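Here is a short briefing on one protein chain. Look at the fold as a whole, then at what lies inside.

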Amino acid sequence: MPLTPEVLIAQGEVVAWLGSLDVSFAPDEEPWFTIDGVESPRQIGSDGSGGAFVLLPSQNVLYVSPDGRAGIIAESFEAFIQIVVARPYWLDILKFSAGGDLQEMRRAADALEATLDDEDDVNEAREEIRTQLDLSEGDDPVGALYEAVAASDAIVRATDGSPFTTLFNRFSIDNNPMLRNAAA
């Protein structure tokens, strides 16, 4: 059976583990954005920064950040969960992507993994989620994230009609002394 939000939500313990990876499955009541061509966006969750996860009619998962960035982050709900579990700091990988450079994203992922304060907790959450959902690790979560964002064609707009920008940010880990040192 494919992994869907309904299947996941029925497993309360897994939802709790995902909460420790900054994913909540309690959507906002009122949308604060619109998506061109999508009548009623189906928000399936949020993160601690106030960003929203939306399951599109195509079954792609879209992320909308409160700072005016948006894009498809996974080709399916299951691929979304794989990325979140493998790289819970996926949003930071995009922040330090140097404008969407895959090699820079890989550098960022390695540096971010090396700087986890709660590595044991994250690894325990990863193992529990994968075991309970019978979820594979995925071959290349950073590559899958890159491909999804690079191919993203969803146009998200603020309530005033202004379009959101890409999730790729211009920074690299070289702009952050802690990450730069972790990568050395």
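A nonpolar core is a set of buried Ala, Val, Leu, Ile, Met, Phe, Trp, Tyr and Cys residues joined through side-chain atoms within 4.5 Å. Keep that term in mind for the points below. The model shown is predicted.

**Overall fold**

- The chain has eight helices and six strands.
- Along the sequence, their order is α-α-β-β-β-β-β-α-α-α-α-α-β-α.
- The radius of gyration is 16 Å, close to the 16 Å that the globule rule gives for 184 residues, so the chain is as compact as a globular protein of that length.
- Along its principal axes, the C-alpha trace spans about 45 × 40 × 25 Å.
- Take the contacts between residues at least 6 apart in sequence: 58% of them join residues at least 24 apart.

**Surface and charge**

- Of the 184 residues, 44% count as buried.
- The chain exposes about 9,300 Å². Carbon and sulfur atoms supply 47% of that area.
- The chain carries 11 positive and 33 negative charges.

**The nonpolar cores**

- In soluble globular proteins, nonpolar side chains tend to be buried together.
- The largest nonpolar core of this chain has 45 residues. Ile73, Phe80 and Ile81 have the most contacts inside it.
- Helix H3 (residues 77-86) gives this core its largest share, seven residues.

**Helix H3**

- Is H3 largely enclosed or open? Nine of its 10 residues are buried, so H3 is largely enclosed by the rest of the structure.
- The buried residues are Phe77, Ala79, Phe80, Ile81, Gln82, Ile83, Val84, Val85 and Ala86.

**Gln82**

- Gln82 sits in helix H3.
- Is Gln82 buried or exposed? Buried means under 20% relative accessible area. Gln82 has a relative accessible area of 16%, so Gln82 is buried.
- Leaving aside neighbours within four places in sequence, Gln82 is in contact with Leu135, Ser136 and Gly138.

Note on methods: Residues numbered from 1 in each chain as written. Predicted model: local features only at pLDDT ≥ 70, side-chain atom pairs only at ≥ 80, totals over all residues. Heavy atoms only, no water. Helix = DSSP H or I, 4+ residues; strand = E, 2+ residues; numbered from the N terminus. Rg over C-alpha atoms; globule rule 2.2 N^0.38 Å. Buried < 20%, exposed > 50% of the residue type's maximum accessible area, 1.4 Å probe, protein only. Contact = heavy atoms within 4.5 Å. Areas by Shrake-Rupley, 256 points an atom, 1.4 Å probe, with all protein chains shown as cover. Lys, Arg positive; Asp, Glu negative; His and termini not counted. Charge placed at Lys NZ, Arg CZ, Asp CG, Glu CD.
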